[in-house]
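Student: I have a structure open and would like to go through it slowly. Can we take it residue by residue and helix by helix?

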Amino acid sequence: MRAKTKTDLLSLLVCVAVFAVLQTLMEFDVIGSFWQLNMVLIGINIILATSLNLINGFTGQFSIGHAGFMAVGAYLSAVMTVKLQLPFAVAILGGAAGAGLLGFLIGLPTLRLKGDYLAIATLGLGEIIRITILNIPYVGGASGFMGIPRYTNFMWVFFLAVFTVYFIKNLINSSHGRACISVRENEIAAEAMGIDTTRYKVLAFTIGASFAGVAGALFSHYFYIAHPASFTFMRSFDILTMVVLGGLGSITGSITAAVLLTFVSAALASYPEFRMIIYSLVLIILMIYRPQGLFGNKELSLKMFSRSKGGAKHDAA
């Protein structure tokens, strides 16, 4: 068995153990309802940040319309469970497929743009999706889609977040993932080597949009409602903040930033007048001292700590 496979299996066992501990603490009300809600939000944010990191961090594009695909997943899955009476698992897959298809259709024309032009295009498309939903009476219009059953629980969120992380990690370590990274590093050189850069940019955009759809399905089926106000461009900026804070091109960075920012926001909920000030100051300080993000483009591992200890010993000598 290869070393990577062993590491993945060990990590999965650790994830199962962590889930068992957290689920037990919830069952005995050691973790209250407020923090249970925030743990679900952490899981949803991990899915969103990791999927956006595939587009922005690993493929080097600049998308800020991720909330639009989240909205598609939220509304489409709600229609499938409420209107069509389909199982929740099918609704999640439907939300992912719908968001992925839209990502593919949008990605084909827009991903020929670069830099700021792509950012403006994706921002505008995200708003177009939201305004379109706002004007469809079938899904509630401006009042939102209400009466959605609560099918989402911590188990669904936890294991779908784990699946998202492992899927994207394995994709990045594959030949397709390395092609995406080559686009980020030098698009002209990648094209010169025969890599179809547009194909891989659209691939990353489609996969990222699909997982945003999954997050949207989980979101709407936890809060009983899907409302256009939940998917504004500010939501896209929140997701982008997690990616940049954790480090562009670092999956563990996205996970850490999602946990950190959700926790900080929840911890400051009792101080609404100072909440955004402190939240903003934390981000400013982190960006001043770590402009490349918490982990840069590196992944958190035991090797990272052993290297830092080794470097400290070398400096001491």
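Student: In which helix does T50 lie?

Tutor: First, this is a predicted model, where local features need pLDDT of at least 70, side-chain atom pairs count only at pLDDT 80 or more, and totals for chains, interfaces and linings use all residues. Residues are numbered from 1 along each chain as its sequence is written, and side-chain values use heavy atoms, with hydrogens and water left out. Helices are DSSP runs (H or I, at least four residues), as strands are (E, at least two), numbered from the N terminus. The run that covers residues 33-58 and holds T50 is α2.

Student: Is T50 buried or exposed?

Tutor: Buried means under 20% relative accessible area, exposed over 50%, and partly exposed in between, with a 1.4 Å probe and protein chains only. The relative accessible area of T50 is 1%, so T50 is buried.

Student: Which residues is T50 in contact with, leaving aside its neighbours within four places in sequence?

Tutor: Contact means heavy atoms within 4.5 Å. With those neighbours set aside, the partners of T50 are T164, V165, I168, I251, S254 and I255.

Student: Where is G249, and is it buried or exposed?

Tutor: G249 sits in the loop between α10 and α11. Its relative accessibility is 5%, so G249 counts as buried.

Student: How far apart in space are G249 and E299?

Tutor: E299 is among the contacts of G249 beyond four places in sequence, as are N53 and R184. In sequence G249 and E299 are 50 residues apart, and C-alpha to C-alpha the distance is 8.6 Å.

Student: How do α10 and α11 cross: what is the angle, and what is it called?

Tutor: Two packed helices are described by the angle between their axes and the distance between the axes. Axes are lines fitted to C-alpha atoms, for helices over the stretch in contact, and angles run from 0 to 180 degrees between N-to-C directions. Angles under 35 degrees count as roughly parallel, over 145 as roughly antiparallel, 65 to 115 as roughly perpendicular and the rest as oblique. The axes of α10 (residues 233-246) and α11 (residues 251-267) come within 7 Å and cross at roughly 125°, so α10 is oblique to α11.

Student: Which residue classes make up the contact of α10 with α11?

Tutor: T241, M242, V243, L245 and G246 in α10 meet G253, S254, A257, A258, L260 and L261 in α11. Ala, Val, Leu, Ile, Met, Phe, Trp, Tyr, Cys and Pro count as nonpolar, Asp, Glu, Lys and Arg as charged, and the others, Gly among them, as polar. The contact has seven nonpolar, four polar and no charged residues.

Student: What is the orientation of α1 relative to α6?

Tutor: The axes of α1 and α6 (residues 154-172) come within 11 Å and cross at roughly 165°. That makes α1, relative to α6, roughly antiparallel.

Student: What is the phi of D29?

Tutor: Most residues other than glycine have a negative phi. D29 lies in the loop between α1 (3-27) and α2, and at 60% relative accessibility D29 counts as exposed. Although D29 is not a glycine, its phi is positive, about 60°.

Student: And what is the phi of Y224?

Tutor: Y224 is found in the loop between α9 (197-220) and α10. With a relative accessible area of 42%, Y224 is partly exposed. Y224 is not a glycine, yet its phi is positive, about 70°.
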